[in-house]
Amino acid sequence: MTDAPNAPKISQAEAEAAVRTLIQWAGDDPDREGLLETPARVARSYRELFAGYETDPLTYLEKTFEEVGGYDQLVVLKDIRFVSFCEHHMLPVVGKAHVAYLPTNRVVGISKLARVVRGFARRLQIQEKMTSEIAQAIHTVLQPHGVGVVIEAEHSCMTLRGVNAPGASLSTSHLIGIVRDDPRTREEFLRLVRG
């Protein structure tokens, strides 16, 4: 599942040539000893950092468990660390996601929630879109009574350049169903995330 299904496939050699060009553009010599292997390293690291284009995060939620012993309260997984990249500057976005859902009659393994976050994070994007995509994926596959996602992240495009505001972070949320519509459930979710 990719956001750009018609994007042309680029070879490793083409990616490395692009990195060589950027090194030269920055003012250095890509044939210098310390930089000789840099294009290959950068291409390999980008393959890992953008692995979200090679996966469909919804598939992580397919295996569920129905033996929940009558559990009918919020399931909250906090502080899921992630690294993403701003689609406007290709600089790191580093933060934490807090994910919750109110199950109907089945739950998913908690590691799967972290994998969903990582699957969407490992793409070029804006934080608002990522927040919504995570919530919609959980809602679509698990069909719970409600979903809540809060993401807090520091954007290098703002802290390292441009306005140069170190320490500034962006918070986004996406609430669905009872987590959005019921004030008590919404407050419980936000209290658990903050606590």
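**Entry 1: Asp31 and its partner**

I looked up Asp31 and found a relative accessibility of 47%, so I list Asp31 as partly exposed. I note here that the model is a predicted one. Which residue forms a salt bridge with Asp31? I found Arg20, with the closest N and O atoms 3.2 Å apart. Arg20 lies in helix α1 (residues 12–26), while Asp31 sits in the loop between α1 and α2 (38–49), so this pair ties together parts that are 11 residues apart in sequence. Arg20 is also partly exposed, at 29% relative accessible area.

**Entry 2: other salt bridges**

I read a total of 9 salt bridges for the structure. Background for this entry: side chains of opposite charge can pair when their charged atoms come close.

I checked Lys129 and found a salt bridge with Glu133, the closest N and O atoms being 3.9 Å apart. Lys129 and Glu133 are 4 residues apart in helix α4, so about one helical turn separates them.

I then took Arg180 and Asp181, which form a salt bridge with the closest N and O atoms 2.7 Å apart. Asp181 is exposed, with 51% relative accessible area. Arg180 is partly exposed, with 43%. I also noted one network, in which salt bridges that share partners join Lys9, Arg47 and Glu54.

**Entry 3: the sheet**

I traced an open sheet of 5 strands with mixed pairing, in the order β5-β2-β3-β6-β7. Which strands are at the edges? They are β5 and β7 (170–177), and each pairs on one side only. Inside the sheet I looked at β3 and β6 (residues 146–155), which run antiparallel and are joined by 10 bridges. Val94 stands opposite Glu154 in β6.

I next checked what packs on the sheet. Helix α3 does, touching β2, β3 and β5, and its direction makes about 20° with that of β2. Helix α7 (residues 183–194) packs on the sheet too, touching β2, β3, β6 and β7, and its direction makes about 35° with that of β6.

**Entry 4: helix α3**

I compared the length of α3 with what its residue count predicts. At 1.5 Å a residue, the 12 residues of α3 (residues 110–121) should span 16 Å, and the end C-alpha atoms are 17 Å apart, which agrees. Which residues of α3 are buried? I list Leu113, Val116, Val117, Gly119, Phe120 and Ala121. What covers these buried residues includes strands β2 (75–86), β3 (92–102), β4 (107–108) and β5 (124–125), and also helix α4 (127–142).

**Entry 5: aromatic rings**

I count 3 aromatic pairs. Tyr46 and Phe50 form an edge-to-face pair, 5.2 Å centre to centre with 85° between the planes. Tyr46 is partly exposed at 33% relative accessibility, and Phe50 is buried at 11%. Tyr46 and Phe85 form a tilted pair, 6.5 Å centre to centre with 50° between the planes. This pair links distant parts of the chain, with Tyr46 in helix α2 and Phe85 in strand β2, 39 residues apart. Phe85 is buried, with 6% relative accessible area. I record Tyr46, Phe50 and Phe85 as one aromatic cluster.

**Entry 6: positive phi**

Most residues other than glycine have a negative phi. Asp79 has a phi near 60° and is not a glycine. Asp79 is in strand β2 and is partly exposed, with a relative accessible area of 39%. Where is Asn164 found? I placed Asn164 in the loop between α5 (156–159) and β7. Asn164 has a positive phi of about 50° although it is not a glycine, and its relative accessibility of 45% counts as partly exposed.

Note on methods:
Residues are numbered from 1 along each chain as its sequence is written. This is a predicted model: local features need pLDDT of at least 70, side-chain atom pairs count only at pLDDT 80 or more; totals for chains, interfaces and linings use all residues. Side-chain values use heavy atoms; hydrogens and water are left out. Helices (H or I, at least four residues) and strands (E, at least two) are DSSP runs, numbered from the N terminus. The expected span of a helix is 1.5 Å times one less than its number of residues. Buried means under 20% relative accessible area, exposed over 50%, partly exposed in between (1.4 Å probe, protein chains only). Contact means heavy atoms within 4.5 Å. A salt bridge is a side-chain nitrogen of Lys or Arg within 4 Å of a carboxyl oxygen of Asp or Glu. Two strands pair if DSSP finds at least two bridges between them. Axes are lines fitted to C-alpha atoms, for helices over the stretch in contact, and angles run from 0 to 180 degrees between N-to-C directions. Rings of Phe, Tyr and Trp (its six-membered ring) pair if their centres lie within 6.5 Å; planes under 30 degrees apart count as stacked, over 60 as edge-to-face and the rest as tilted.
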